[in-house]
Amino acid sequence: MTRGADLIAEKLAMAGCRHAFGIPGGEVLALMGALNAAGIAFHLVKHENAGGFMAEGVWHAEARQGAGAPGVLLATLGPGVANAVNVVANAWQDRVPLIFLTGCVDAAEAETYTHQVFDHQQLLRPIVKASFRAAPGALDRMMDKAIRTALDGQPGPVHIDVPIGVAEGETEETARPLPPAPGKVTPAGPELDAARALFARAQRPIAIAGVDAVNEDAGAQIAAFCRRHNVPLITTYKAKGLLDEDDPLALGGAGLSPRADAHLLPLLKASDCILLLGYDPIEMRINWRDPWDPDAPVIEIAATERRHGMHGLRHLLPCGVAAGVSALAGGASPRPTWPDGEIAAARSALARQFAPEPEGWGPSCVFHTLRDALPAETVATADSGAHRILVSQIWRTAVPRGMLQSSALCTMACALPLGIGQRLADPGRPVVVFVGDAGLEMGLGELATLRDLRLPVIVCVLVDESLALIELKQRAGQRANVGVDFAGTDFAGLARLFGGHGVWVEDADTLAREAKAALARDTFTLLACRIGRRAYDGKF
């Protein structure tokens, strides 16, 4: 007997899905069993929001290894669905392919039974690419559309509401092969000719790459293009590592730090050819709105139409990033650029700006110490808050998806589950989670998930007993200190209670020693770095 749930699970397995996350409920038991039978491991989490971020962490890890299956999140009706709204919105804004399976009562039953029942589709439609309600006889085609919608163009979440009767009922449908991905478009015509001419004569070209370049796996092509044509590269935080950040042409991540912007934005003003390579300004703060003049020499390469209104451009190549940079470089000869040494000067200024604290301890010192102590291939995840802005400037990565975070929605409590998903899908690569004390307290339950999965993740919590970024904004606006301070938590003790290794850290030598020791443990390590109040003042 083939049930509806079996066909749904089989199609997800055909797409390459190997992990699913969620919390059980009676309405999704058939789906859970079907996922397991199809070879998709179901992982119990403590909150649906965290489960969605674990699914994203898996997606990043598998994409780095050449796979491209969407993440899978499962929630029961009512409160389970409502709990997941944040992570679904994050997937929408951060361009994450996520299949969100929810259970629901059958339509006839919903007319007379209202306990925990509300319209899931109406709730979710503003923050998903599509929402489907599973129906007998159309499950195979529905899954084709759902999977392709999640992956094509700018990836994003797709919701599938599965009535109990459909999940548990028999179906005569069979799972046919998934349709192929759409073909790649190569630019041509007068617009390409004009863009080539602009690039060929440029003496100060500069590129900005973003999340679409990451999702299109265009890192190798971008790196080769930049190196051959001496084009310096700025990335968004999500796109760190598209070019090895130790490369002399790499200007690091941008988007949230005014101190970094002070060195980067003048380069854009001085450029005679600005290249936007899969750049989506949804990741950027407000001073990246109109960062250049309306008639500036801007060439954008983007496969998906942009409607953000954040800035103007001169030429648009509507194609994938890899095809676009190849076509743009056609006929252009390598040449020296930025003859006055502006790029080297900017790199040096940025390095000085985000150097370790001269007194030997503080958040910058924490991030530099861990970067030096941990292997080059380590993946970092960062929660939202003051620490994220600083660590995104300091942490260097040589590979795309080497630093994971919520960079468009900027939601808290994402770093720990992102790290869990990453380590689960790529167990050979170390993971360090950077989180503030408030962010860790928001998702403390997932330390139990970390314990149960036996993952040796390193968790670095910056302890200042304050919502530091908001407190900074309060002071900048001469507002009263309200609702941002809280009492301290014994994080090292909590780690031990949850089955991990926990330690308080207040100096760089201890931090380096504990980080290296963590690499040899078979359980998680929590490094509680006490940095003190107002430690981020003047840092970013």
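## The nonpolar cores

In this predicted model, the largest nonpolar core has 60 residues, and the ones touching the most other members are L268, V366, L370, W395, F434 and C529. A core here is a set of buried Ala, Val, Leu, Ile, Met, Phe, Trp, Tyr and Cys residues joined through side-chain atoms within 4.5 Å. Take L268: skipping residues up to four places away in sequence, L268 touches I206, I208, I234, I274, W288 and W292 (contact being heavy atoms within 4.5 Å).

There's also a second, separate core of 52 residues, with V88, A415, L450 and V463 among them.

## Q405, tucked into a strand

Q405 sits in strand 14, residues 403-405 (strands are DSSP E runs of at least two residues, helices H or I runs of at least four, numbered from the N terminus). Q405 counts as buried because its relative accessibility is 1%; the cut-offs are under 20% relative accessible area for buried, over 50% for exposed and partly exposed in between, with a 1.4 Å probe and protein chains only.

Beyond its neighbours within four places in sequence, Q405 is in contact with E56, D94, Y237, K238, A382, R388, S392 and L418.

## Helix 1 against helix 2

Helix 1 (residues 4-14) packs on helix 2 (residues 29-37) at about 40°, their axes 8 Å apart. Helix 1 contributes A5, D6, I8, A9 and L12 to the contact, and helix 2 contributes A30, L31, A34 and L35.

## Ground rules

Residues are numbered from 1 along each chain as its sequence is written. Local features need pLDDT of at least 70, side-chain atom pairs count only at pLDDT 80 or more, totals for chains, interfaces and linings use all residues, and side-chain values use heavy atoms, leaving out hydrogens and water.

Notes
Axes fitted to C-alpha atoms, helices over the stretch in contact; angles between N-to-C directions.
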